[in-house]
Amino acid sequence: MPVTAIVVPCRLESTRFPRKLLHPILGKPLLQWVAERLAAEAPELPLYFAVDHELLRDVVAARGFRAIMTSPAHASGTDRIAEANRTVQADFVINVQADEPMVTGGQIRQLAQLVAGAAPMATLATPFKRVVDFYNPNQVKVTMRRDGRALCFTRSRLPFSRDLGLTIDDAWVASNPCYKHLGLYAYQAALLERFPSLPPGRYEQIEKLEQLRVLENGYDIVVGVSEDPGSGIDTLEDARRFEEAVAAGIPARGAGR
């Protein structure tokens, strides 16, 4: 039977939020929150952390999770996962970002189902609700073909309404195919192994979106739509909001099947 595993790429340094995976939230490093969330949400899948520093290895290993040391020179999380999977040797690999403490079991299982199909890579998107988020370049947009395969990922507003221009509102965004890309991926092992040797894409280098390398080299990415919006920790303010939500006992949607 094909083996599906979760591999979490972990990089110590972060430009916008230095060493954010070690940032304490109610006494626990962010990375520990993610590890415990994954263990609770998808206990049926083997879980590994592909780390680039002993400090990250120690966080997960001290809690009984499996860590694989990888090169600190990797340019992307996918490159790091590709190295780790030479040890794991999974047939299908699910990539959950190390700063996603609200990932759900439903999302993980949706990815596992999608990547077992014909497309060698899968990812998730969720509908935009607010125009302010749709305009935000840090919230990546994805457009899809009728069969659910990705057409484009971009930081720009896409689709752009020629008729309305900059006058669109929340209602327009909610009623049109405006999708936010969620940073969750799944790969078939053959593509994952090939990824580091693929020529970097021109649009990938401009947009700084590694998934564009896959499209620019002629591979399909199937996109599933999730109603769980996700909440990656990109800034100190994000971490504070997550901490406040946890302290207030606000439950996260999870464990969906």
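1. Buried denotes a relative accessible area under 20%, exposed one over 50%, and partly exposed the range in between, with a 1.4 Å probe and protein chains only. Helices (H or I, at least four residues) and strands (E, at least two) are DSSP runs numbered from the N terminus. In strand β1, residues 4-10, T4, I6, V8 and C10 point one way while A5, V7 and P9 point the other way, and all are buried. The strand is accordingly described as mostly covered, with seven of its seven residues buried.

2. Basis of the note. The model is predicted: local features need pLDDT of at least 70, side-chain atom pairs count only at pLDDT 80 or more, and totals for chains, interfaces and linings use all residues. Residues are numbered from 1 along each chain as its sequence is written, and side-chain values use heavy atoms, with hydrogens and water left out.

3. Overall form. Ten helices and eleven strands make up the secondary structure of the protein. Its radius of gyration, taken over C-alpha atoms, is 18 Å, close to the 18 Å that the globule rule gives for 257 residues, so the protein is as compact as a globular protein of that length; the rule is 2.2 Å times the number of residues to the power 0.38. Along the principal axes, the C-alpha atoms fill a box of roughly 55 × 45 × 35 Å. Of the 257 residues, 47% count as buried. Contact means heavy atoms within 4.5 Å; among contacts between residues at least 6 apart in sequence, 71% join residues at least 24 apart.

4. Pairing of β1. Two strands pair if DSSP finds at least two bridges between them. Strand β1 runs parallel to β6 (residues 92-96), to which four bridges join it, and A5 stands opposite V93 there. With β4 (residues 47-51), β1 also pairs in the parallel sense, over five bridges; in this pairing I6 faces L47.

5. Helix α1. The twelve residues of α1 (residues 30-41) should span 16 Å at 1.5 Å a residue, and the end C-alpha atoms are 17 Å apart, which agrees. The expected span is 1.5 Å times one less than the number of residues. Nine of the twelve are buried, so the helix is largely enclosed by the rest of the structure. Among these buried residues are W33, R37 and E41.

6. Cysteines. A disulfide is taken as a pair of cysteine sulfur atoms within 2.5 Å, and the search of the whole structure finds zero. For C152, the closest cysteine sulfur is that of C178, 14 Å away and too far for a bond. C152 is partly exposed, at 27% relative accessible area, whereas C10 is buried at 0%.

7. T154. This residue lies in strand β9 (residues 150-154) and is buried, with a relative accessible area of 6%. A polar contact is a pair of N or O atoms within 3.5 Å; within protein, one must be able to donate a hydrogen and the other to accept it, and residues adjacent in sequence count only if both atoms are side-chain atoms. The side chains of T154 and E207 form such a contact at 2.7 Å, and the T154 side chain also reaches the backbone nitrogen of S156 at 3.0 Å. Residues up to four places away in sequence aside, T154 touches V140, K141, E207 and L209.

8. Q188. Strand β10 (residues 179-188) contains Q188. A polar atom of the Q188 side chain lies 3.1 Å from the backbone oxygen of A119. Leaving aside neighbours within four places in sequence, Q188 is in contact with D91, F92, V115, G117, A118, A119 and P120.
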